[in-house]
Amino acid sequence: MNNKLIVSSSPHIRSNETISSVMRDVVIALLPATLAGIYYFRMGAVRVILFAVLAAIITEAGIQKLRKQEVSINDWSAILTGLLLAFNLPASAPWWMPVVGSVFAIAVVKQMFGGLGHNFMNPALAARAMLLASWPVEMTSWINPGSDVVSTATPLVMFGGAEAPSLFTLFIGNHGGCIGETSALALILGGIYLVYRGVITPRVPVIYISTVAVLTFLMGGFDPYFMIYQVLAGGLMIGAIYMATDYVSSPVTPKGQIIFALGCGVITSIIRLYGGYPEGVSYSILLMNVVSPLIDKYTSPRVFGEVK
Amino acid sequence: MGLLSFRGGVHPPHFKEPTSRHETLKAAGPKVVTIPLSQHIGAPCDPIVKAGDNVKVGQKIGEATSFVSSPIHSSVSGVVKAVKKCLTPSGEALCVIIESDGLDTLHENVIPKGDIKTLSGEEIKNIIKEAGIVGMGGAGFPTHVKLSPPPENKIDTIVLNGAECEPYLTADHRLMLENPQDIIYGLKAMMKVLDVKKAYIGIEDNKPDAIKSMKKALKDEGDIEVVGLHTKYPQGAEKQLIYACTKREVPSGGLPMAVGVVVNNVATAAAIANAIKTGMPLIERICTVTGKGIKEPKNLLIKVGTSIKEIIDQCGGYSGNIGKIIMGGPMMGISQYTDEIPSTKTTSGVLVFTPEQATLPKPKNCIKCGRCVEICPAFLQPLYISAYSLNNMFETSEKYNALDCIECGSCSFICPSKRPLLQSIRVAKREIIAKKRKTK
């Protein structure tokens, strides 16, 4: 026994799960939707995704270099932010838009507040909101799937019209919209993978989507077709499965997560049905992000053996 | 009957295969034993022997100084070399160093004490007290104190802990396979002391052979029930075990007796049986010597006071470079900076890690994933207690119920950011308790 022993306080073992493995799992879960996006929107999607991801990685590395911190781009979190932002942009967006969005997401929303774990909002969603407010025209020039660029509207705008897509089309994602949001099928597949891997619990997505379903059914004149249309169209799937479940900006207590998901569902439904925008997913999640610390504070679990 | 459990908990890998099938072997008699005079929770013992005295096996060498204390006996026969401060697994303490003559001559007091059918409860309790029996699961709480509840707490149930939820350890497992009769005898003795009619023996279902062995040994006892527990850490934590078996929640800050339950380890029960049947006090125990850093992992019956180094030598010595020596299991054991320390009544395992296993990953930022909240068996929010503790905001840590932490380490284990959650919660607990003492 000639070498020095390590002395530390218990426990002496750690699980295999790391930040990188969790983030990597989310990126893997997004692969089906990425492929669907590229299949439907061709080179436009590839361009937006590449620019968004690269800009996110470079911004993260650059800021960490500048602040003389350890560069942590290998933890997959910047890649994930870039990918999620690209999913929230139309394939027709000019190349600089994903770049501006990623720089804003990483530099302002994430790093300025202290880096990984300290952002108070979902960086990708905050960047999308910023882009939508700054370049509303470019952010809403939707194109139809396929090789020729034909401009169109999103299903949420078209509902009731002659060109409105069928529920099946909505489910597989063969319609206009943001790159990653159209295919409910691909997004659900990824979601099942995340639940299977234990990365997320079904709590938030299921409650969020159910709340929207129930409210659109009640407020939309008890029309089941309208309800399913609302659930499948727009950014609800990607928002509920991948954005509202973002660890950092959502509550940590189980009860808090339920309140968070209910709030998201209510706000989404209200914006969609009565608001000025056709889509309310991103704003509803951003709003609930901001109240997350408050929710956590008031939903502390009952301690084992607590005397009431 | 389905498996019983508690809410929360984690699933660390078991690592029990290297030793679970190895029969317990008697370790070679040590030449010198260093017996600490404090091997229990409570007041340390006063030495009643001095250098030059001759002692025999089972002779009392340390007298308990208060009610919450437990006497210490010699594990060998020979000559006392010194009574001095030495390093023990839990820090420096007064020890009696005895050179063995190799004869293991029994002391005159080591004679059968009778049968639990004829002995009265008070007599049994006195035998337990005099035999220096303490909780052998790890904490070392004097057993006779547990068996003396204040009159306002009516005890109606005893739970025997055979969960052995710590990875690597198989000492209790082997005991349940090799000596189920003594465990039951000891349990019955405790039931008589407390005048209790109902008892459970909780065993995790990763030890089906132990469940079978205990059930077989029990076949005609209706009031003792063997319950299979879901294999999950910390299933053997006192309050979680009580909940799993009886669905009673020990109140926050309270003791098991508040819900009418007393919990004891299976090894403690066997030691009680031995003390009654043969009169032999607690001077040896089964210990699992295991880990990647050990050449031949074994379950050994070792005498209290044997040097850890000697024990490891009997297991083929170290295999390659070693990085960490842990007394106990990997979740709650105490790491040591040397192997020149004696074993005690509570040494259930000696675990040796390679340098790779011993190196802990670097902590990253908390990403608020909520894993620690989800799994905390005490239903706490470790991330917040830890964050406030790291910022020296101990009062806020207290508001987040830091004192309810059972220090099982599940949060630190599960954390994907590898944060020192339990480590910082411990700091907070210490500060809060220190402050409470000061204001009193």
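What covers the buried residues of α2(A)? The close-ups below start there, and keep in mind that this is a predicted model.

**View 1. Helix α2(A) sits under cover from several other helices.** The cover over its buried residues includes α1 (19-66), α3, α4 (123-134) and α11 (236-243) of chain A.

**View 2. Helices α2 and α3 of chain A cross each other.** The axes of α2 (residues 77-87) and α3 (residues 96-110) come within 10 Å and cross at roughly 135°. If you like handedness, α2(A) passes α3(A) in a right-handed crossing.

**View 3. Here are the residues where α2(A) meets α3(A).** On the α2(A) side, look for A78(A), T81(A), G82(A), L85(A) and A86(A). Their counterparts in α3(A) are P98(A), G101(A), S102(A), A105(A) and I106(A). Sort the residues of this contact by class and you get six nonpolar, four polar and no charged. A78(A), T81(A), G82(A), L85(A) and A86(A) also turn up among the buried residues of α2(A).

**View 4. Four strands of chain B make an open sheet.** Follow the strands in the order β2-β8-β7-β4, and note that the pairing is antiparallel. Which strands stand at the edges? They are β2 (32-36) and β4 (54-55), each with a single partner strand, so one side of each is left without a neighbour in the sheet. Elsewhere in the sheet, β7 (residues 78-88) and β8 (residues 91-100) pair over ten bridges. To spot one bridge, find V83(B) and its partner V96(B) in β8(B).

**View 5. Another open sheet in chain B has three strands.** The order here is β3-β5-β6, again with antiparallel pairing. β3 (46-47) and β6 (72-73) stand at the edges, and because each has a single partner strand, one side of each lacks a neighbour in the sheet. Strand β5 (residues 60-63) pairs with β6(B) over two bridges. Check out K60(B), which stands opposite H73(B) in β6(B).

**View 6. Chain B touches chain A.** How many residues of each chain take part? 53 residues of chain B are in contact with 34 residues of chain A. On the chain B side, β15 (324-327), β16 (334-336), α11 (371-375), α14 (410-414) and α15 (421-439) each supply at least two residues. By class, that side of chain B has 28 nonpolar, 15 polar and ten charged residues.

Conventions. Residues are numbered from 1 along each chain as its sequence is written. Chains are lettered from A and ligands numbered from 1 in the order in which they are written. This is a predicted model: local features need pLDDT of at least 70, side-chain atom pairs count only at pLDDT 80 or more; totals for chains, interfaces and linings use all residues. Axes are lines fitted to C-alpha atoms, for helices over the stretch in contact, and angles run from 0 to 180 degrees between N-to-C directions. A crossing is left-handed if the near helix is turned anticlockwise from the far one by less than a right angle, and right-handed if clockwise. Two residues are in contact if their C-beta atoms, placed from the backbone, lie within 7 Å. Ala, Val, Leu, Ile, Met, Phe, Trp, Tyr, Cys and Pro count as nonpolar, Asp, Glu, Lys and Arg as charged, and the others, Gly among them, as polar. Two strands pair if DSSP finds at least two bridges between them. A residue is buried if 20 or more other C-beta atoms lie within 10 Å of its own, exposed if 12 or fewer, and partly exposed in between; C-beta atoms are placed from the backbone.
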